[in-house]
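We'll take a walk through its salt bridges and then one of its helices.

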Amino acid sequence: LRNTSPLGTLVFERFYPEPLRISGRMLGAILMMMIGAMMYVSKLPVNSWQGIGWVLLNSAIAVADRLLQRLLLSKEQCPVDISKTGITLINNLVGLLPVGVAMYFKGEFSQLPAAVALLSPIDKAYIAVSCVIGLAISYTSIWAQSLISATSFLVMINANKFIIIGIEAFGLHSKALSAMQIAGASLTILGGVAYGKARQAIEEEAEEMKFLLPQKDGMPPLKVKGFSC
């Protein structure tokens with residue numbers, strides 16, 4: 001289901017100030033990834049489908065998140081006048097509110113002192129390192145989203161998930177895959193590579209058109225309370 005999410009972003013990005021250009025190769029690559037994902041899940045246990053509703057909700061939120069980030073981060077759309085560091089800070093601080101509410105209703109604040117007391121120095125070091133890595137992932141994610149479309153970002157994420165599955169199966173040996181699942185995962189990764197090549201071809205064509213078409217003087221960008229369109 002997550003592999004179908006790029007189709008949703010692709011439709012909405014057509015209505016952006018700088019619409020996403022689409023080619024048959026792009027659509028073919030996304031279709032290849034969807035087929036690979038279906039091959040993979042066809043061999044999953046039946047009880048794996050119990051959380052299908054949560055997967056749909058997660059996919060919808062992911063699509064909305066990527067579309068909003070693309071609109072507000074890309075200089076080609078309507079960028080907000082905040083640095084990437086500032087956006088990273090906001091992105092992490094805002095998440096504290098729902099987590100804090102959940103902790104309150106679960107009674108975890110009262111358990112926190114005892115849990116901290118049980119931590120060894122190495123445990124605290126692992127937590128500190130995980131915080132640094134989390135911040136790095138947040139910053140680089142915002143940086144990447146400012147450079148590529150929401151559709152491209154979701155394609156990249158979906159392909160990476162199957163690469164991680166391959167590492168778990170063949171590197172860590174923590175997951176057993178059937179021949180059908182291996183073929184499906186491989187097809188999905190190849191679809192991600194094909195999508196990247198298709199996007200590269202479109203961008204190269206756009207660069208060539210810039211040199212062929214005469215430059216026109218347009219209206220200055222509209223600035224409204226921190227946004228520019």
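A salt bridge here is a side-chain nitrogen of Lys or Arg within 4 Å of a carboxyl oxygen of Asp or Glu. Before you start clicking, note that this is a predicted model, where local features need pLDDT of at least 70, side-chain atom pairs count only at pLDDT 80 or more, and totals for chains, interfaces and linings use all residues. Residues are numbered from 1 along each chain as its sequence is written, and side-chain values use heavy atoms, with hydrogens and water left out.

The structure holds 5 salt bridges. One of them joins the side chains of E76 and R70, at 3.4 Å from N to O. How buried or exposed are the partners? By relative accessible area, buried means under 20%, exposed means over 50%, and partly exposed is in between (1.4 Å probe, protein chains only). On that scale R70 is buried at 6%, while E76 is partly exposed at 45%.

Now find R66, whose side chain meets that of D65 in a salt bridge, 3.6 Å from N to O. R66 counts as buried, with 11% relative accessibility, and D65 is partly exposed at 32%. Another pair is E168 and K175, with 3.8 Å from N to O. Here E168 is partly exposed at 26%, and K175 is partly exposed too, at 32%.

Next, the helices. They are DSSP runs (H or I, at least four residues; strands are E, at least two), numbered from the N terminus. Take α7, residues 121-145: its 25 residues reach 36 Å from first C-alpha to last, close to the 36 Å expected at 1.5 Å a residue. That expected span is 1.5 Å times one less than the number of residues. The buried residues of α7 are S138, S141, I142 and Q145, and they pack against α3 (52-73), α4 (84-94) and α8 (150-171).

Let's zoom in on α3 and α7. Two packed helices are described by the angle between their axes and the distance between the axes. The axes are lines fitted to C-alpha atoms, for helices over the stretch in contact, and angles run from 0 to 180 degrees between N-to-C directions. α3 and α7 pack at about 70 degrees, with their axes 9 Å apart. That makes α3 roughly perpendicular to α7, a label that covers 65 to 115 degrees (under 35 is roughly parallel, over 145 roughly antiparallel, and the rest oblique).

Which residues meet there? From α3 come R66, Q69, R70 and L73, and from α7 come S141, I142 and Q145, with contact meaning heavy atoms within 4.5 Å. The residues of this contact divide into 2 nonpolar, 3 polar and 2 charged. Nonpolar covers Ala, Val, Leu, Ile, Met, Phe, Trp, Tyr, Cys and Pro; charged covers Asp, Glu, Lys and Arg; the others, Gly among them, are polar.
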